[in-house]
Amino acid sequence: MKIVDAKVIVTCPGRNFVTLRIVTDAGVHGLGDGTLNGREKAVVAYLEDHVIPCLIGRDPQRIEDIWQYLYKGAYWRRGPVTMTAIAAVDTALWDIKAKLAGLPLYQLLGGKSRDGLMAYSHANGRDVAETLDAVEAHLAVGYRAVRVQSGVPGLDKVYGIAPGGKAYEPAQKGLPQETIWSTEKYLDHVPRLFEKLRARVGFGPHLLHDVHHRLTPIEAARLGKALEPCRLFWMEDPTPAEDQEGFRLIRNHTVTPIAVGEVFNSVWDCKHLIENRLIDYIRATVVHAGGISHLRKIAALAELHQVRTGCHGATDLSPVCMGAALHFGIAVANFGIQEHMPHTAETDAVFPHDYRFENGFLLPGETPGHGVEIDEALAARYPYDPAYLPTARLEDGTVWSW
Ligand code: GCO
Ligand code: MG
């Protein structure tokens with residue numbers, strides 16, 4: 001069997017997505033997500049100029065061999081662009097293999113380890129009152145776990161908050177926006193928010209919070225400690241994870257569980273944190289961490305250290321990634337939770353899929369493959385529209401992590 005064609009499809013049904021479609025001489029094709037928010041065209045060029053020419057003529061059934069060939073063969077290893085491109089190929093090849101077998105992908109990964117994937121949604125509000133209402137609305141539609149972000153008094157634009165109660169979408173059209181950040185204002189606000197929240201909803205629902213890389217280790221330790229009485233499911237990205245020993249300092253001070261890894265792209269980013277038991281959940285996912293093949297290795301290492309998965313699932317990961325992540329999550333032994341930020345109706349129409357949300361859980365479908373397709377004619381009606389994630393500065397003008 002041979003790969004006879006491969007094509008990159010870029011579409012913007014509200015936000016930009018990059019999709020790789022691999023075609024075989026067996027009449028079967030596969031899809032992989034290759035979206036890297038704000039840097040989409042770098043992956044497109046990597047695939048079109050450097051990967052696709054090397055794929056034509058290869059046997060699509062040799063998934064691991066092609067993975068190793070693209071990783072080792074490039075000489076320049078790792079990095080978000082490379083690993084997203086490899087992920088797109090790998091996901092498409094798993095899709096093809098499952099279609100050839102006539103099985104939903106999770107059957108090839110060992111079959112179901114559970115009945116459904118507990119999902120967490122995003123509740124946000126401009127102030128405490130609006131945030132509390134938003135959390136209740138998410139619980140009312142069945143979520144058992146909710147990530148909570150709120151506006152901070154004295155700060156104009158804060159990560160995770162949408163203007164006017166709309167669904168939050170971090171990337172903005174045009175050049176990157178600048179936002180102003182104050183750690184002091186944030187640290188004063190967040191513990192009070194969660195105290196009020198627990199008083200309102202009790203301890204039944206799981207509550208999560210994303211710090212989004214903006215604290216130093218000692219500040220994160222203070223926040224984790226202050227939040228202990230509120231028993232969070234996790235505190236995410238408490239500090240930039242390049243400084244991995246910083247997590248030991250956080251760990252030494254708090255039992256609030258820690259989730260990290262949405263910007264990781266290989267097992268080498270995860271190794272120290274997992275082996276030293278510095279985190280509880282690993283957030284790497286299919287599209288940015290080398291595809292199903294590589295994510296399985298990350299999860300296997302995590303399993304040895306009782307770290308569970310918590311795959312990134314923001315709207316900048318396309319339905320193709322979500323479909324693949326659900327097949328992975330239902331099969332893997334150490335699943336923890338799955339992020340769920342529903343896509344817009346326009347995006348769902350471009351990417352018809354068979355996964356669904358039911359009663360707080362996400363469920364992959366039974367269609368052979370990962371169950372997500374692309375309507376190319378519809379996709380072509382939404383041309384690429386440049387958009388960037390915002391940037392952040394401290395109140396004195398110093399560039400900070402957004
Ligand atoms: C999350 C993430 C996202 C990222 C986004 C960047 O936890 O879902 O932090 O909101 O900011 O995916 O592209
Ligand atoms: Mg996050």
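View 1. The model is predicted; local features need pLDDT of at least 70, side-chain atom pairs count only at pLDDT 80 or more, and totals for chains, interfaces and linings use all residues. Side-chain values use heavy atoms, without hydrogens or water, residues are numbered from 1 along each chain as written, and chains are lettered from A and ligands numbered from 1 in written order. The protein donors (N, O and S atoms within 2.8 Å of the metal, or 3.2 Å for Na, K and Ca) are Asp210 (OD), Glu236 (OE) and Glu262 (OE), 1.9 to 2.2 Å from the ion. Their sequence spacing is D-x25-E-x25-E. Glu236 sits in strand β9 (residues 234-236) and Glu262 in the loop between β10 (258-260) and α9 (267-275), so the pair ties together parts 26 residues apart in sequence. Strands (E, at least two residues) and helices (H or I, at least four) are DSSP runs numbered from the N terminus.

**View 2. The open sheet of 3 strands.** Strand order is β1-β2-β3, with antiparallel pairing; paired strands share at least two DSSP bridges. β1 (3-11) and β3 (29-33) are the edge strands, each pairing on one side only. The twist averages 20° from one strand to the next (axes are lines fitted to C-alpha atoms, for helices over the stretch in contact; angles run from 0 to 180 degrees between N-to-C directions).

**View 3. Pairing of β2 with β3.** β2 (residues 17-24) and β3 pair in the antiparallel sense over 5 bridges. Val23 has His29 of β3 as its bridge partner.
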